[in-house]
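Dear colleague,

Please find the structure below.

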Amino acid sequence: MSNQSKMKGKLIKTILLILLVFTTNLFAQKNGKITGNVIDQETGDPIIGANIMIDGTMLGAASDIDGMFVINAVPEGNYAVTLSCIGYAKKTVTDVKITSGQVEKINITLSPESYETEEVTITAKLLKNTDAVLLKDRQKSNSISDAISNESISRSGSGNAADAITKVTGTSVVSGKYVYIRGLGDRYSSTHLNGTELPSADPDVKSFNLDLFPSNLLDNIVTIKSFTPDKPGNFSGGLVNVATKDYPEKFNFRFSSSTAYNSNTTFNKNYLTYPTSSTDWLGYDNGSREIPNLLKDQNVYIPSPNEARRNHDLALRLDELTKSFNPEMSPIQSKAPMDQSYNLSIGDQLSIFGNPLGYIASLSYSRKYSFYENGQKAKWELSGNYDEVNDLYNYYNFSDTKGSE
(Lines give C-alpha, C1' and ligand atoms only; values in the text may rest on other atoms or scores of the structure.)
Protein backbone atom coordinates (compact mmCIF):
# COMPACT_ATOMS: atom_id res chain seq x y z
CA MET A 1 0.00 0.00 0.00
CA SER A 2 1.37 3.47 -0.93
CA ASN A 3 2.24 6.12 1.66
CA GLN A 4 -0.58 8.29 0.28
CA SER A 5 -3.20 5.56 0.93
CA LYS A 6 -1.87 4.98 4.46
CA MET A 7 -2.01 8.69 5.32
CA LYS A 8 -5.56 9.00 3.96
CA GLY A 9 -6.61 5.98 6.04
CA LYS A 10 -5.12 7.44 9.24
CA LEU A 11 -6.85 10.78 8.59
CA ILE A 12 -10.25 9.13 8.10
CA LYS A 13 -9.85 7.02 11.28
CA THR A 14 -8.91 10.12 13.32
CA ILE A 15 -11.97 12.06 12.10
CA LEU A 16 -14.32 9.11 12.83
CA LEU A 17 -12.87 8.76 16.37
CA ILE A 18 -13.41 12.47 17.09
CA LEU A 19 -16.98 12.24 15.79
CA LEU A 20 -17.70 9.20 17.98
CA VAL A 21 -16.38 10.82 21.19
CA PHE A 22 -18.14 14.15 20.82
CA THR A 23 -21.39 12.73 19.43
CA THR A 24 -21.56 10.50 22.52
CA ASN A 25 -21.00 13.56 24.69
CA LEU A 26 -23.76 15.42 22.84
CA PHE A 27 -26.40 12.77 23.31
CA ALA A 28 -25.40 12.29 26.97
CA GLN A 29 -26.80 15.70 27.79
CA LYS A 30 -30.19 15.51 29.54
CA ASN A 31 -30.88 19.14 30.31
CA GLY A 32 -30.73 22.40 28.43
CA LYS A 33 -28.86 25.63 29.03
CA ILE A 34 -29.70 29.35 29.01
CA THR A 35 -27.04 31.90 28.04
CA GLY A 36 -27.09 35.56 27.08
CA ASN A 37 -25.90 39.12 27.55
CA VAL A 38 -27.24 41.95 29.73
CA ILE A 39 -26.67 45.41 28.22
CA ASP A 40 -27.40 48.99 29.26
CA GLN A 41 -30.09 50.26 26.89
CA GLU A 42 -28.77 53.85 26.80
CA THR A 43 -24.99 53.35 26.62
CA GLY A 44 -24.73 49.86 25.11
CA ASP A 45 -22.23 48.85 27.83
CA PRO A 46 -22.44 45.45 29.54
CA ILE A 47 -24.10 45.38 32.97
CA ILE A 48 -22.04 43.66 35.66
CA GLY A 49 -23.70 41.78 38.52
CA ALA A 50 -27.25 41.64 37.13
CA ASN A 51 -29.37 38.87 38.70
CA ILE A 52 -31.01 36.39 36.34
CA MET A 53 -33.56 34.00 37.86
CA ILE A 54 -35.88 31.39 36.34
CA ASP A 55 -39.32 31.98 37.85
CA GLY A 56 -40.64 29.10 39.95
CA THR A 57 -37.22 27.48 40.35
CA MET A 58 -34.04 27.90 42.37
CA LEU A 59 -31.97 28.22 39.18
CA GLY A 60 -30.23 31.48 38.37
CA ALA A 61 -26.96 33.28 37.65
CA ALA A 62 -25.25 36.66 37.75
CA SER A 63 -23.75 38.49 34.77
CA ASP A 64 -19.94 38.70 34.62
CA ILE A 65 -17.63 41.58 33.72
CA ASP A 66 -18.70 41.30 30.07
CA GLY A 67 -22.41 41.19 30.93
CA MET A 68 -22.63 37.47 30.03
CA PHE A 69 -24.36 34.76 32.05
CA VAL A 70 -24.89 30.98 31.90
CA ILE A 71 -27.57 28.89 33.63
CA ASN A 72 -26.76 25.16 33.37
CA ALA A 73 -28.83 22.02 33.94
CA VAL A 74 -32.23 23.54 33.11
CA PRO A 75 -34.94 20.85 32.73
CA GLU A 76 -37.11 20.81 29.62
CA GLY A 77 -40.10 23.13 29.59
CA ASN A 78 -41.32 26.69 29.08
CA TYR A 79 -40.07 29.29 31.55
CA ALA A 80 -40.17 32.97 32.38
CA VAL A 81 -36.77 34.54 33.17
CA THR A 82 -36.55 37.65 35.35
CA LEU A 83 -33.58 40.04 35.21
CA SER A 84 -32.94 42.65 37.91
CA CYS A 85 -30.12 44.98 38.88
CA ILE A 86 -29.82 47.94 41.25
CA GLY A 87 -30.45 51.15 39.34
CA TYR A 88 -32.28 49.42 36.46
CA ALA A 89 -35.89 48.52 35.77
CA LYS A 90 -36.70 44.85 36.28
CA LYS A 91 -37.61 42.85 33.15
CA THR A 92 -39.17 39.45 32.58
CA VAL A 93 -38.66 37.39 29.44
CA THR A 94 -41.53 34.99 28.78
CA ASP A 95 -41.89 31.88 26.62
CA VAL A 96 -38.29 30.72 27.02
CA LYS A 97 -38.51 27.18 25.68
CA ILE A 98 -35.85 24.69 26.84
CA THR A 99 -35.29 21.36 25.10
CA SER A 100 -32.89 18.57 26.02
CA GLY A 101 -29.31 19.17 24.89
CA GLN A 102 -30.08 22.60 23.42
CA VAL A 103 -28.89 26.11 24.30
CA GLU A 104 -31.34 29.03 24.40
CA LYS A 105 -29.70 32.45 24.08
CA ILE A 106 -31.42 35.61 25.25
CA ASN A 107 -29.90 39.09 24.97
CA ILE A 108 -31.60 41.70 27.16
CA THR A 109 -31.25 45.46 27.48
CA LEU A 110 -32.11 47.05 30.83
CA SER A 111 -33.11 50.71 31.09
CA PRO A 112 -31.92 52.80 34.05
CA GLU A 113 -34.52 53.94 36.58
CA SER A 114 -34.29 56.60 39.23
CA TYR A 115 -37.59 55.66 40.88
CA GLU A 116 -39.50 52.47 41.39
CA THR A 117 -42.01 51.46 38.74
CA GLU A 118 -44.05 48.43 37.88
CA GLU A 119 -42.40 45.42 36.32
CA VAL A 120 -42.12 45.37 32.55
CA THR A 121 -42.78 42.08 30.78
CA ILE A 122 -41.41 41.56 27.27
CA THR A 123 -41.06 38.66 24.87
CA ALA A 124 -37.46 38.30 23.64
CA LYS A 125 -36.24 36.90 20.37
CA LEU A 126 -32.91 35.30 19.55
CA LEU A 127 -30.35 37.83 18.23
CA LYS A 128 -28.12 36.56 15.44
CA ASN A 129 -25.01 37.97 13.79
CA THR A 130 -26.65 38.73 10.44
CA ASP A 131 -26.33 41.25 7.64
CA ALA A 132 -28.90 43.43 9.39
CA VAL A 133 -26.72 43.64 12.51
CA LEU A 134 -23.64 44.65 10.49
CA LEU A 135 -25.63 47.24 8.56
CA LYS A 136 -26.78 48.76 11.86
CA ASP A 137 -23.20 48.88 13.13
CA ARG A 138 -22.06 50.57 9.92
CA GLN A 139 -24.85 53.12 10.29
CA LYS A 140 -23.59 54.09 13.75
CA SER A 141 -19.88 53.94 12.84
CA ASN A 142 -17.76 57.08 12.51
CA SER A 143 -15.66 55.49 9.75
CA ILE A 144 -16.34 54.39 6.18
CA SER A 145 -16.55 50.60 6.14
CA ASP A 146 -17.90 47.52 4.38
CA ALA A 147 -18.53 44.10 5.90
CA ILE A 148 -19.65 40.55 5.30
CA SER A 149 -21.35 38.47 7.99
CA ASN A 150 -21.24 34.75 8.70
CA GLU A 151 -24.71 34.54 7.21
CA SER A 152 -23.47 35.82 3.83
CA ILE A 153 -20.26 33.76 4.03
CA SER A 154 -22.32 30.57 4.44
CA ARG A 155 -24.54 31.47 1.47
CA SER A 156 -21.56 32.24 -0.76
CA GLY A 157 -19.91 28.84 -0.19
CA SER A 158 -16.55 30.45 0.59
CA GLY A 159 -13.97 28.01 1.95
CA ASN A 160 -11.74 30.53 3.73
CA ALA A 161 -11.40 34.21 4.61
CA ALA A 162 -9.63 35.01 1.32
CA ASP A 163 -12.59 33.64 -0.67
CA ALA A 164 -15.09 35.44 1.57
CA ILE A 165 -13.50 38.88 1.39
CA THR A 166 -13.80 38.93 -2.40
CA LYS A 167 -17.55 39.45 -1.79
CA VAL A 168 -16.84 42.74 0.04
CA THR A 169 -17.16 45.91 -2.04
CA GLY A 170 -13.84 47.51 -2.98
CA THR A 171 -11.61 44.51 -2.15
CA SER A 172 -9.77 42.05 -4.34
CA VAL A 173 -7.51 39.09 -3.59
CA VAL A 174 -4.18 38.44 -5.31
CA SER A 175 -2.56 34.99 -5.50
CA GLY A 176 -5.56 33.60 -3.62
CA LYS A 177 -4.47 35.03 -0.25
CA TYR A 178 -3.31 38.70 -0.32
CA VAL A 179 -6.00 41.36 0.01
CA TYR A 180 -5.91 44.60 -2.02
CA ILE A 181 -8.31 47.38 -1.01
CA ARG A 182 -9.49 49.97 -3.53
CA GLY A 183 -6.87 48.70 -6.01
CA LEU A 184 -3.91 49.62 -3.80
CA GLY A 185 -1.12 47.12 -3.14
CA ASP A 186 -0.47 45.13 0.00
CA ARG A 187 1.86 47.79 1.48
CA TYR A 188 -1.13 50.13 1.83
CA SER A 189 -3.31 47.65 3.76
CA SER A 190 -3.34 46.24 7.29
CA THR A 191 -4.85 42.94 8.47
CA HIS A 192 -6.14 42.39 12.04
CA LEU A 193 -7.52 39.37 13.90
CA ASN A 194 -10.10 40.35 16.53
CA GLY A 195 -8.51 43.81 16.70
CA THR A 196 -4.86 42.66 16.86
CA GLU A 197 -2.56 43.32 13.88
CA LEU A 198 -1.23 40.23 12.12
CA PRO A 199 2.35 39.97 10.80
CA SER A 200 2.99 38.68 7.31
CA ALA A 201 4.48 35.23 6.81
CA ASP A 202 6.15 36.41 3.58
CA PRO A 203 9.21 38.70 3.98
CA ASP A 204 8.49 40.33 0.60
CA VAL A 205 4.77 41.00 1.19
CA LYS A 206 3.17 43.10 3.95
CA SER A 207 -0.31 41.60 3.63
CA PHE A 208 -1.29 38.57 5.74
CA ASN A 209 -2.22 35.22 4.19
CA LEU A 210 -6.01 35.26 4.60
CA ASP A 211 -6.43 31.76 3.19
CA LEU A 212 -5.22 30.42 6.57
CA PHE A 213 -8.62 31.12 8.19
CA PRO A 214 -11.34 28.53 7.39
CA SER A 215 -14.80 30.01 6.86
CA ASN A 216 -16.24 27.80 9.64
CA LEU A 217 -14.35 29.89 12.22
CA LEU A 218 -15.42 33.30 10.90
CA ASP A 219 -18.02 35.51 12.55
CA ASN A 220 -17.60 38.49 10.21
CA ILE A 221 -15.03 40.43 8.17
CA VAL A 222 -15.01 44.23 8.27
CA THR A 223 -12.95 46.51 6.01
CA ILE A 224 -12.37 50.05 7.28
CA LYS A 225 -11.40 52.66 4.67
CA SER A 226 -11.02 55.82 6.76
CA PHE A 227 -9.09 56.75 9.91
CA THR A 228 -10.46 56.96 13.45
CA PRO A 229 -8.52 57.65 16.68
CA ASP A 230 -8.92 54.06 17.91
CA LYS A 231 -7.26 52.53 14.82
CA PRO A 232 -3.54 52.44 13.88
CA GLY A 233 -2.38 54.90 11.24
CA ASN A 234 -0.24 52.49 9.20
CA PHE A 235 -2.69 52.02 6.33
CA SER A 236 -3.95 54.22 3.52
CA GLY A 237 -5.84 51.71 1.41
CA GLY A 238 -7.83 50.04 4.18
CA LEU A 239 -7.83 47.92 7.32
CA VAL A 240 -9.26 44.38 7.33
CA ASN A 241 -10.47 43.01 10.67
CA VAL A 242 -11.28 39.28 10.78
CA ALA A 243 -13.55 38.40 13.71
CA THR A 244 -13.72 34.76 14.77
CA LYS A 245 -16.58 33.00 16.51
CA ASP A 246 -16.89 32.72 20.28
CA TYR A 247 -16.53 29.34 21.92
CA PRO A 248 -19.74 27.37 21.26
CA GLU A 249 -22.13 26.70 24.14
CA LYS A 250 -22.77 23.17 22.86
CA PHE A 251 -21.13 20.51 20.70
CA ASN A 252 -20.73 21.78 17.17
CA PHE A 253 -19.52 19.82 14.14
CA ARG A 254 -19.45 21.24 10.63
CA PHE A 255 -18.16 19.91 7.35
CA SER A 256 -18.33 21.68 4.01
CA SER A 257 -16.91 21.06 0.56
CA SER A 258 -16.88 22.92 -2.73
CA THR A 259 -15.68 22.41 -6.29
CA ALA A 260 -14.95 24.80 -9.13
CA TYR A 261 -14.79 24.42 -12.90
CA ASN A 262 -12.45 26.45 -15.11
CA SER A 263 -13.19 26.10 -18.82
CA ASN A 264 -9.55 26.82 -19.69
CA THR A 265 -8.06 24.30 -17.25
CA THR A 266 -10.50 21.69 -15.96
CA PHE A 267 -10.42 18.41 -17.95
CA ASN A 268 -7.96 19.95 -20.45
CA LYS A 269 -5.83 17.06 -21.77
CA ASN A 270 -2.95 19.42 -22.60
CA TYR A 271 -2.51 20.47 -18.96
CA LEU A 272 1.21 20.52 -18.07
CA THR A 273 2.19 18.60 -14.93
CA TYR A 274 4.92 16.21 -13.79
CA PRO A 275 5.26 12.81 -12.04
CA THR A 276 4.42 13.82 -8.46
CA SER A 277 5.68 12.32 -5.21
CA SER A 278 3.40 10.34 -2.91
CA THR A 279 2.91 13.31 -0.54
CA ASP A 280 2.52 16.18 -3.03
CA TRP A 281 -1.25 16.11 -2.43
CA LEU A 282 -0.51 17.35 1.12
CA GLY A 283 1.67 20.22 -0.10
CA TYR A 284 5.12 18.86 0.77
CA ASP A 285 7.71 16.57 -0.81
CA ASN A 286 8.48 13.01 0.29
CA GLY A 287 12.21 13.47 -0.39
CA SER A 288 12.30 12.86 -4.13
CA ARG A 289 13.55 16.42 -4.76
CA GLU A 290 16.27 16.41 -2.10
CA ILE A 291 19.94 16.80 -2.94
CA PRO A 292 21.38 13.31 -3.65
CA ASN A 293 23.27 11.72 -0.75
CA LEU A 294 26.44 11.63 -2.89
CA LEU A 295 26.42 15.44 -3.08
CA LYS A 296 25.42 16.36 0.47
CA ASP A 297 29.08 16.41 1.52
CA GLN A 298 30.36 19.93 0.85
CA ASN A 299 33.85 18.55 0.21
CA VAL A 300 32.77 16.08 -2.48
CA TYR A 301 34.96 16.21 -5.59
CA ILE A 302 33.12 16.66 -8.90
CA PRO A 303 35.30 15.92 -11.94
CA SER A 304 35.10 18.36 -14.82
CA PRO A 305 34.05 17.08 -18.28
CA ASN A 306 37.59 17.60 -19.60
CA GLU A 307 39.06 15.48 -16.78
CA ALA A 308 36.47 12.74 -17.31
CA ARG A 309 37.35 12.45 -21.00
CA ARG A 310 40.94 11.49 -20.17
CA ASN A 311 40.40 9.32 -17.08
CA HIS A 312 38.12 6.27 -17.01
CA ASP A 313 37.63 6.32 -13.22
CA LEU A 314 36.75 10.01 -13.22
CA ALA A 315 34.31 9.42 -16.08
CA LEU A 316 32.54 6.72 -14.06
CA ARG A 317 32.46 9.01 -11.02
CA LEU A 318 30.95 11.87 -13.00
CA ASP A 319 28.38 9.50 -14.49
CA GLU A 320 27.44 8.21 -11.01
CA LEU A 321 27.01 11.75 -9.65
CA THR A 322 24.91 12.80 -12.63
CA LYS A 323 22.58 9.80 -12.42
CA SER A 324 22.02 10.32 -8.67
CA PHE A 325 19.71 13.25 -9.47
CA ASN A 326 15.98 12.81 -10.08
CA PRO A 327 15.72 11.83 -13.77
CA GLU A 328 12.46 13.78 -14.25
CA MET A 329 13.54 16.95 -16.04
CA SER A 330 10.59 17.76 -18.29
CA PRO A 331 6.82 18.14 -17.79
CA ILE A 332 4.19 15.71 -19.03
CA GLN A 333 0.67 16.29 -20.34
CA SER A 334 -2.33 15.11 -18.34
CA LYS A 335 -6.00 15.91 -17.77
CA ALA A 336 -6.53 18.50 -15.01
CA PRO A 337 -9.23 17.65 -12.40
CA MET A 338 -11.71 20.13 -10.91
CA ASP A 339 -10.66 22.52 -8.14
CA GLN A 340 -11.74 21.25 -4.73
CA SER A 341 -11.92 22.52 -1.18
CA TYR A 342 -12.88 20.87 2.16
CA ASN A 343 -13.43 22.40 5.61
CA LEU A 344 -13.98 20.64 8.94
CA SER A 345 -14.53 22.28 12.34
CA ILE A 346 -15.33 20.91 15.80
CA GLY A 347 -16.12 22.83 18.98
CA ASP A 348 -17.75 22.40 22.36
CA GLN A 349 -17.84 23.80 25.90
CA LEU A 350 -16.98 21.48 28.78
CA SER A 351 -17.15 21.86 32.55
CA ILE A 352 -13.77 21.57 34.31
CA PHE A 353 -13.86 21.79 38.11
CA GLY A 354 -17.16 23.62 37.86
CA ASN A 355 -15.85 26.18 35.37
CA PRO A 356 -16.66 26.30 31.65
CA LEU A 357 -13.83 25.50 29.21
CA GLY A 358 -14.47 26.12 25.53
CA TYR A 359 -12.50 24.88 22.54
CA ILE A 360 -12.77 25.03 18.78
CA ALA A 361 -10.60 23.38 16.14
CA SER A 362 -10.64 23.48 12.37
CA LEU A 363 -9.02 21.68 9.44
CA SER A 364 -9.07 22.89 5.84
CA TYR A 365 -7.73 21.42 2.60
CA SER A 366 -7.88 22.73 -0.96
CA ARG A 367 -6.33 22.07 -4.40
CA LYS A 368 -6.53 24.52 -7.28
CA TYR A 369 -5.22 24.34 -10.83
CA SER A 370 -4.44 26.95 -13.49
CA PHE A 371 -3.25 26.63 -17.06
CA TYR A 372 -2.71 28.63 -20.23
CA GLU A 373 -1.20 27.84 -23.62
CA ASN A 374 -0.23 29.73 -26.77
CA GLY A 375 1.21 32.47 -24.63
CA GLN A 376 3.92 34.78 -25.94
CA LYS A 377 7.07 35.91 -24.17
CA ALA A 378 9.45 38.26 -25.99
CA LYS A 379 12.11 40.89 -25.37
CA TRP A 380 13.25 43.81 -27.54
CA GLU A 381 16.34 45.91 -26.98
CA LEU A 382 17.60 49.21 -28.29
CA SER A 383 20.86 48.59 -30.18
CA GLY A 384 22.80 51.82 -30.71
CA ASN A 385 21.76 55.45 -30.26
CA TYR A 386 18.02 56.03 -30.20
CA ASP A 387 18.24 58.74 -32.91
CA GLU A 388 20.18 56.45 -35.25
CA VAL A 389 18.14 53.24 -34.95
CA ASN A 390 14.87 52.68 -36.77
CA ASP A 391 13.90 49.33 -35.23
CA LEU A 392 14.38 47.53 -31.92
CA TYR A 393 16.47 44.34 -31.84
CA ASN A 394 14.38 41.24 -31.07
CA TYR A 395 16.41 39.63 -28.31
CA TYR A 396 14.12 36.58 -28.01
CA ASN A 397 10.57 35.52 -28.88
CA PHE A 398 9.10 32.38 -27.34
CA SER A 399 5.72 30.68 -27.27
CA ASP A 400 4.67 29.98 -23.70
CA THR A 401 2.60 27.24 -21.98
CA LYS A 402 2.21 26.97 -18.21
CA GLY A 403 0.36 24.71 -15.79
CA SER A 404 0.40 25.14 -11.99
CA GLU A 405 -1.15 23.32 -9.03
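Which residue caps the N-terminal end of α6? The cap is N311, where a side-chain oxygen lies 2.9 Å from the backbone nitrogen of D313. Helices (H or I, at least four residues) and strands (E, at least two) are DSSP runs, numbered from the N terminus. Helix α6 covers residues 312–323, and its end C-alpha atoms are 17 Å apart, which agrees with the 16 Å that its 12 residues should span at 1.5 Å a residue; the expected span is 1.5 Å times one less than the number of residues.

This is a predicted model, in which local features need pLDDT of at least 70 and side-chain atom pairs count only at pLDDT 80 or more, while totals for chains, interfaces and linings use all residues. Residues are numbered from 1 along each chain as its sequence is written, and side-chain values use heavy atoms, with hydrogens and water left out.

Strands β5 (residues 77–84) and β6 (residues 91–98) pair in the antiparallel sense over six bridges; two strands pair if DSSP finds at least two bridges between them. L83 has K91 in β6 as its bridge partner. In this hairpin, with six residues between the strands, G87 takes a positive phi near 95°. Strand β6 is also joined to β8 (residues 120–122) by three bridges, and these two run parallel. There, V93 stands opposite I122.

P203 lies in the loop between β13 (196–197) and β14 (218–224). With a relative accessible area of 79%, P203 is exposed (over 50%; buried is under 20%, partly exposed in between; 1.4 Å probe, protein chains only).

Note on methods
A polar contact is a pair of N or O atoms within 3.5 Å; within protein, one must be able to donate a hydrogen and the other to accept it, and residues adjacent in sequence count only if both atoms are side-chain atoms.
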